[in-house]
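Please view the sequence and the model alongside the text.

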Amino acid sequence: MTTRLESLSEWVAGIARLTQAERVHWCTGTRDEYDEFVREMLARGDLLELNQDSYPDCYLHRSDPRDVARVEHLTYVCSDRKEDAGPNNNWMLPAEAREKMNGLFDGCMKGRTLYVIPYCMGPLGSPYSRYGVEITDSTYVAANMYLMTRMGDAALAEIERTGRFIRGLHSVGELDPERRFIMHFPEDLTIMSYGSGYGGNALLGKKCHALRIASYQARTEGWLAEHMLIVGVENPAGETHYLACAFPSQCGKTNLAMLIPPKSHRGWKVWTLGDDIAWMHLDDEGRLRAINPEAGLFGVVPGTNRHTNPNAYESIRRDAIFTNVALTAENDPWWEDKDTGEPVMDWQGRPYDPANGPAAHPNSRFTVSAKNNPSYSELAEAPRGVPISALVFGGRRRELTPLVYEARDWAHGVLVGATAASETTAAATGKVGVVRRDPMAMKPFCGYNFADYWSHWLSFENRSDALPRIFHVNWFRRDPDGSFLWPGFGENLRVLRWIIDRCRDRVDAVESPIGYLPEPGAIDTSGLDIELETMQELLSVDPEAWKQEMQSIGEYFQTYGDRVPQRLRAEHGKVLSALS
Ligand code: GTP
Ligand code: SPV
Ligand code: MN
């Protein structure tokens, strides 16, 4: 027994018995311990050393090729009542799910080490932070949790003090997709995940705890747990505004959070607070304040280079774990659009052959401590977080959705979030490039019925008159040849400037049926090689196409029946009639 908290020691003992683990290791969270994890994985071949001159303390992990992404069809929310999970989630009766999972976990750690990982989501000591304990048989998970969360003794001490923690049980099992489930029991604050070693399926502090379970808790406690980056934008006068932005997986959160201002924007600075998850609470003045529950980045590798994301490129030059990238002849990691070097071995360890597809897996990832990021904000450690000026929803849409628009007010903003849609990406298994509804970028992550979630969002309207303004952006419009219309990446700062100017009432806007759009010329394009017509196209609203979109949204709302809040239907009705 390595804790004085009986509920924890009994749980661990029970799981050790069930799984027949050979050893139990309580993680302390020191660098020495991480180094030991790395040595063990190197010895077993779970990690490969990269070129230590060019990539010091960097390693490559190759997943089982059938285990490279989140598995939404195998992810369940097991609330007592099916309606509480909602049409947005797969559901199973809790007793049935437990029985199934206990069957899978029975004896699954024979001959293996069981790691106990106490962790804290959020700055240690913050009133907004929450704690969890993950049990896992994966050294890779333990090492990633060291980089991604505040884990070890300090978290355990706090758990022992309060007695409160989320229980997360994980085993890689046989990595058999037929024996793989990610189960959530929000009413019991428990997670059980079996059969995958991949990020969102296995690092239980991230999507399972900080979004699915936390969103359920946030609803009953009056706060928000969102799939949002948090970024600070400092102008040349030294004023900083904080934005929280919800884009679906692989739709640009990490890139926006780490943005480096283009050369044309001398004197501007961008500070990263978080790149994936935001927990937001109202403060005494009614302002929404955000903390990042995570302490590291689990970022998409392909597309990262010196021009698109210099901060990320710099962050992953040391102390990083790469998962499923390719290798060069020099044993450097390589990925598509790295812009330097060339692959000799693909992500599966085969000699590189373009006929086999991309050299790096399209969902290959890096794991690094957030502290590696040159633009990491000191305020990311602030217990009370930062006040949010604007909430921004977005998605990947080749057509329809303008570069940027603003909601008329909070309730309309909730509609804008609730009606977001995006093309599917390689972050989850399944077809890529299919437009699907992804409200608030939370389709895979909301731990309860979306209709209740929209009501919860709407409820903030009655609790504060200092709420952030709400916007929608789309960096991914394309011309008929498939080229992006907007340069994106660092140049997205130009759009953030308009958003901030709107929040400060410094700039007028054009009213449209879907919300406020920038006036012609209001987005600064100086120094950009972009045609006037392209800007017009990026900022136009096609009433006929939008009418169809709104009608399809009406049908989508129908699938949630009469649980959909009346207020949201009314907002939808207003937009629809403005389009007719
Ligand atoms: P998750 O970690 O899956 O939640 O993804 P994310 O939302 O953090 O997305 P990320 O920033 O990693 O970007 C995903 C992909 O989109 C990468 O390949 C980027 O290079 C690309 N991308 C990001 N921002 C832009 C942009 O402004 N324009 C274009 N064209 N591509 C972008
Ligand atoms: C996402 O898919 O949104 C990610 C990666 O951020 S994962 O940790 O797998 O969820
Ligand atoms: Mn994500």
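A polar contact is a pair of N or O atoms within 3.5 Å; within protein, one must be able to donate a hydrogen and the other to accept it, and residues adjacent in sequence count only if both atoms are side-chain atoms. By that criterion, an oxygen atom of ligand 2 lies 2.5 Å from an N or O atom in the side chain of Ser249. The model is predicted, with local features needing pLDDT of at least 70 and side-chain atom pairs pLDDT 80 or more, while totals for chains, interfaces and linings use all residues. Residues are numbered from 1 along each chain as its sequence is written, chains are lettered from A and ligands numbered from 1 in the order written, and side-chain values use heavy atoms, without hydrogens and water.

**Ligand 2: contacts and cover**

- An oxygen atom of ligand 2 is 2.6 Å from a side-chain N or O atom of Lys207, and one is 3.3 Å from a side-chain N or O atom of Asp276.
- The protein buries 98% of the 280 Å² that ligand 2 exposes when taken alone (accessible areas by the Shrake-Rupley method with a 1.4 Å probe).

**Ligand 2: shell**

- There are 13 residues around ligand 2, and Arg70, Tyr198, Gly200, Lys207 and Ser249 come nearest (a residue is near if one of its heavy atoms lies within 4 Å).
- The shell around ligand 2 has 4 nonpolar, 4 polar and 5 charged residues (Ala, Val, Leu, Ile, Met, Phe, Trp, Tyr, Cys and Pro count as nonpolar, Asp, Glu, Lys and Arg as charged, the others, Gly among them, as polar).
- Domain 1 (6-44 + 70-222) and domain 2 (225-296 + 378-579) each give at least three residues to the shell around ligand 2; the domain bounds come from an automatic or database assignment.

**Ligand 1: contacts and cover**

- An oxygen atom of ligand 1 is 2.8 Å from a polar backbone atom of Gln250, and one is 3.5 Å from a polar backbone atom of Pro248.
- The side chain of Asn492 has an N or O atom 3.0 Å from an oxygen atom of ligand 1.
- On its own, ligand 1 has 660 Å² of accessible area, of which the protein covers 92%.

**Ligand 1: shell**

- Around ligand 1 there are 21 residues, with Gln250, Lys253, Thr254, Asn255 and Arg365 the closest.
- The shell around ligand 1 divides into 8 nonpolar, 9 polar and 4 charged residues.
- Domain 2 (225-296 + 378-579) and domain 3 (297-368) each supply at least three residues of the shell around ligand 1.
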